[in-house]
Amino acid sequence: MPKVLLVGCGDLGGAIAELLIEDGIQTAGLRRSNIKIADIELIQADVTQPLTLGALQHIQPEILIYCVAANGQTDEQYKAHYVDGLRNVLEAQLKNLSLRHIFFISSTRVYGQQADNILDESIAPIASDFGGVRLLEAESLLKNLNCRATVLRLSGIYGRGRVRMISLAKSPQNWPAQNSWTNRIHRDDAAHFIIYLVKKVLAHQAIADCYIVTDSKPIEQYQVLNWIADKMRLGHYVEPPPVEGGKRLSNQKMLSTGFKLKYPDYIAGYQSLLREIIELT
């Protein structure tokens with residue numbers, strides 16, 4: 001039987017899958033499409049359609065990683081994929097006596113509050129939109145289970161194929177009127193941290209029930225855009241308006257596990273990403 005069931009094998013999930021295989025961890029992966037991932041037992045199913053999840057009753061992993069993405073930015077899609085989908089998968093695993101730990105990939109979108117102080121896991125999130133509300137609703141499903149669960153609240157993911165800020169830097173006329181605080185995590189660091197925790201669980205080491213997964217430097221949005229524009233030699237600099245809104249997030253609990261970020265700030269991450277883009281063109 002596989003030690004890990006990975007539900008959702010998209011961009012982040014695919015990176016997690018590759019690392020699991022590299023570490024020799026027997027893994028089954030669930031995804032909507034039938035595109036195979038090497039050395040992973042593929043289950044083609046849709047978490048929003050309970051009748052497609054019958055095969056999960058025969059998969060009894062020690063660890064479940066729920067890493068799906070909504071099909072669109074609507075309340076209906078968030079409810080279907082994060083709340084109903086997680087509930088459907090949990091129900092399909094009710095008879096799994098081997099299940100020891102569940103990881104739910106959530107988002108720092110749950111922190112809708114704007115605060116002057118740096119937010120960490122000790123501060124209760126206050127959702128301000130449908131996405132945050134639905135993610136918190138999904139997180140609540142992990143309470144009172146017969147196994148441990150850990151919520152991973154990821155900040156804005158960037159990396160190969162996730163180049164929104166690079167595209168925006170090229171068009172200063174489209175920069176937001178508001179210069180807010182932003183937080184981000186490189187996709188590869190996010191995937192490696194998840195594997196780091198999985199290996200701790202498999203080694204019977206204790207981990208926390210919630211981590212904010214973000215890099216070590218919350219930063220003003222305009223500072224990132226101007227830095228990217230400079231590195232790309234685009235020839236423009238936009239005077240930043242006063243910082244207004246957003247939030248700053250702490251990753252100290254994540255780092256307290258002993259995990260080391262490869263990309264501790266936006267400079268390290270975007271330098272690597274820009275280098276990749278140049279090599280590919």
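Two strands count as paired if DSSP finds at least two bridges between them, and the strands themselves are DSSP runs of E with at least two residues, while helices are runs of H or I with at least four residues, both numbered from the N terminus. With that in hand, strand 1, residues 4-7, and strand 4, residues 63-66, pair in the parallel sense over 4 bridges, and along this pairing V7 stands opposite Y66 in strand 4.

Before I go on, please keep in mind that this is a predicted model, in which local features need pLDDT of at least 70 and side-chain atom pairs count only at pLDDT 80 or more, whereas totals for chains, interfaces and linings use all residues. Residues are numbered from 1 along each chain as its sequence is written, and side-chain values use heavy atoms, with hydrogens and water left out.

Now to the sheet: 7 strands form an open sheet with parallel pairing, in the order 3-2-1-4-5-6-10. At its edges lie strand 3 (41-44) and strand 10 (210-213), each of which pairs on one side only, and from one strand to the next the twist averages 20°.

Let me turn to the cysteines. C147 counts as buried because its relative accessibility is 16%, and C210 counts as buried at 9%, where buried means under 20% relative accessible area, with a 1.4 Å probe and protein chains only.

Notes:
Buried < 20%, exposed > 50% of the residue type's maximum accessible area, 1.4 Å probe, protein only. Axes fitted to C-alpha atoms, helices over the stretch in contact; angles between N-to-C directions.
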